[in-house]
Amino acid sequence: MALLTLSDAHLAFGHLPLLDGASLSLEADEAVALIGRNGSGKSSLLKILAGIDAVDGGVLQVRQGLRRVLVPQEPVFAPGSSVFDAVAEGLSVVRELRRRYEAHEAGADLDALQADIELLDGWTWEQRVDEQLHRLGLNPQAAVDALSGGVRKRVALARALVTQPDLLLLDEPTNHLDIDGIEWLQELLAGRRGSLALVSHDRAFIDAVATRIVELDRGRLRSYPGNYAAFERARERELEAEAQSAARADKLLAQEEVWVRKGVEARRTRSVGRVARLEQLREQRRLRREQLGQVRLEVDSGLPSGRIVAELDGVSLQRGGRLLIDGFSATLLRGDKVGLIGPNGCGKTSLLKLILGELAPTAGRVRQGSRIQVAYFDQMRAGLDLEASLADTISPGSEWVEFAGQRKHVMSYLSDFLFAPERANAPVRTLSGGERNRLLLARLFALPANVLVLDEPTNDLDVETLDLLEELLQGYAGTVFLVSHDRRFLDNVATSTIAWEGDPVFGGRPGLWREYEGGYEEWRRQRERQRVAPTAAAPKASVVTAPDAAAATGAARSAKLSYREVRELQELPQRIEALETEQRQLAADMERPELFRADPQRGAQMSARWAAIEEELMGCLERWEALSARA
């Protein structure tokens with residue numbers, strides 16, 4: 001039996017309905033990722049599922065005794081509370097029952113109270129809170145008001161988990177968490193029993209946690225089993241079919257419009273049935289909600305900077321008695337896409353300010369390049385006026401936007417970022433978190449800049465906008481400094497990575513930063529090799545005889561690639577590409593249902609070939625990785 005079922009739900013805020021006959025069923029022990037465009041109503045849907053808000057129409061059926069709890073994007077705690085008190089708020093009902101029982105409250109049925117307490121496991125609620133705090137690594141005496149956003153998210157999660165919910169609802173759980181925190185949360189959710197429904201735009205997180213993806217699109221809910229990659233393929237096929245259906249309907253409507261006009265000239269009477277059909281087609285066309293277009297992202301890269309953007313030589317920085325940066329050197333060139341990786345509070349923002357000349361180093365030398373024009377995403381977010389209109393935010397006091405040497409009307413420019421003309425004069429406070437980020441990107445990209453500093457630009461952005469932002473940054477001629485905890489985004493954009501490695505677990509020291517080629521996954525692999533290598537080498541270092549040294553030298557020589565292996569390594573990328581192309585073509589052919597009806601033997605052969613290619617691809621990729629590591 002389903003935990004809860006939402007049927008024919010309707011909900012409206014503003015000029016378009018958020019839910020328009022939507023239906024959804026959540027089963028026991030499944031993890032559902034809810035995705036959709038910014039402002040489409042995902043957070044509102046979570047509140048409905050949690051029982052906080054109600055639908056305008058429709059039915060929500062909930063299994064009797066279902067425990068469900070929502071962790072919102074921005075959790076709220078009682079002012080001045082400790083971490084222990086904040087987590088214990090999740091057991092407020094149990095605590096009140098025990099208080100009444102222990103106070104022998106007048107008129108209370110003590111036997112009934114005792115039964116309720118035992119049913120809710122209320123005699124040990126303090127131990128439950130302590131256990132959850134220990135599991136999540138939280139200090140019970142710490143003041144919640146003094147905690148960072150990431151730690152406050154952990155406290156909110158502990159408050160939810162201590163209730164032992166059957167259904168846990170999470171709204172953007174990875175916001176404010178660093179990469180280590182996101183991976184910790186992945187493991188926590190993977191090992192937890194019970195059902196999960198979450199709103200997230202972190203594609204790597206979705207793939208690691210979700211068993212099913214549900215898309216909220218134009219008021220309807222569509223369900224897709226499997227991971228995000230499977231969803232993308234299925235959704236693309238659906239949108240193509242929808243576009244073809246809409247085109248056929250538009251063609252039929254146009255034909256009927258021509259007929260009804262020509263009919264007036266040719267005859268006095270017209271078919272009543274056909275006129276009624278025309279009216280029906282017109283109404284269907286009026287009610288049809290088209291898919292929102294894609295965001296059109298362009299950036300004014302201004303004049304090119306000098307070849308060197310910044311040069312750091314043995315730079316160190318101390319702030320507040322802490323050594324944030326110790327002896328870091330790097331040369332950053334025009335066109336580099338640099339990702340900064342590290343936990344919250346390690347000094348990523350301070351390092352950026354050093355690179356851009358906004359901070360002076362404690363030791364070492366920083367040289368900035370020439371003709372640098374910087375646009376800073378985080379600074380703009382801090383200065384966002386919630387009462388200003390969207391149009392004034394983009395172009396204060398003018399109806400035009402100066403962009404890449406040309407003028408564009410502010411209404412047209414806003415429509416490029418999917419803001420309807422009727423919303424141009426609405427205040428910023430009416431936008432969702434993702435829409436505000438999209439508005440900030442619109443304002444940022446209108447500025448001429450050859451250096452973009454993007455501090456957490458991916459927070460709350462929907463996955464389609466993320467894809468387009470990735471493409472824009474990949475083709476951007478200027479330099480990009482990117483602080484993000486979205487691992488997939490870093491992999492797709494960054495050409496190099498500057499990572500904090502002050503963790504003593506990996507042999508680091510305070511303030512240690514290193515530069516690597518590639519994105520997050522490449523950095524992680526190299527970090528793991530560094531972590532394993534010292535422990536593997538340590539026992540051998542104590543006793544090294546001359547024969548041992550000679551053997552080691554011979555082994556090192558034999559580890560080098562032979563001529564044949566070098567040729568193999570050069571040819572493998574082309575082989576992999578050819579196999580992937582063949583596999584894509586086979587997949588496209590097999591998607592045609594008439595293939596298996598007309599020639600089932602041919603269909604079976606194609607399926608077998610697809611599986612063989614998959615196995616061969618894995619072998620090629622493993623071989624390429626092994627040879628690359630040795631090379």
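Predicted model: local features only at pLDDT ≥ 70, side-chain atom pairs only at ≥ 80, totals over all residues.
**Exercise 1. Find how the rings of Tyr101 and Trp123 are arranged, and where the two residues sit.**

Solution. Let's begin with the general idea: two numbers describe an aromatic pair, the distance of the centres and the angle of the planes. For Tyr101 and Trp123, the centres are 5.4 Å apart and the planes stand at 80°. An angle over 60 degrees counts as edge-to-face, so that is the label for Tyr101 and Trp123. Next, place the residues: Tyr101 belongs to helix H3, while Trp123 is in the loop between helix H4 (110-119) and helix H5 (125-135). They are 22 residues apart, and the pair links distant parts of the chain. Finally, check the cover: Tyr101 is partly exposed, with 21% relative accessibility, and Trp123 is partly exposed at 34%.

**Exercise 2. Classify the aromatic pair of Tyr413 and Phe417, and decide whether the two residues are buried or exposed.**

Solution. As for cover, both Tyr413 and Phe417 are buried.

**Exercise 3. Work out which residues make the nonpolar surface patch that includes Val93, and whether Val93 is buried or exposed.**

Solution. The patch is formed by Val93, Leu119 and Leu120 and covers about 300 Å². Val93 lies in helix H3, which spans residues 92-102. Its relative accessibility is 54%, so Val93 counts as exposed.

Terms used:
Residues numbered from 1 in each chain as written. Heavy atoms only, no water. Patch = residues over 30% accessible without salt bridge, like charges linked within 9 Å, V, L, I, M, F, W, Y side chains within 5 Å. Areas by Shrake-Rupley, 256 points an atom, 1.4 Å probe, with all protein chains shown as cover. Salt bridge = Lys/Arg side-chain N within 4 Å of Asp/Glu carboxyl O. Helix = DSSP H or I, 4+ residues; strand = E, 2+ residues; numbered from the N terminus. Buried < 20%, exposed > 50% of the residue type's maximum accessible area, 1.4 Å probe, protein only. Phe/Tyr/Trp six-rings, centres within 6.5 Å; stacked < 30°, edge-to-face > 60°.
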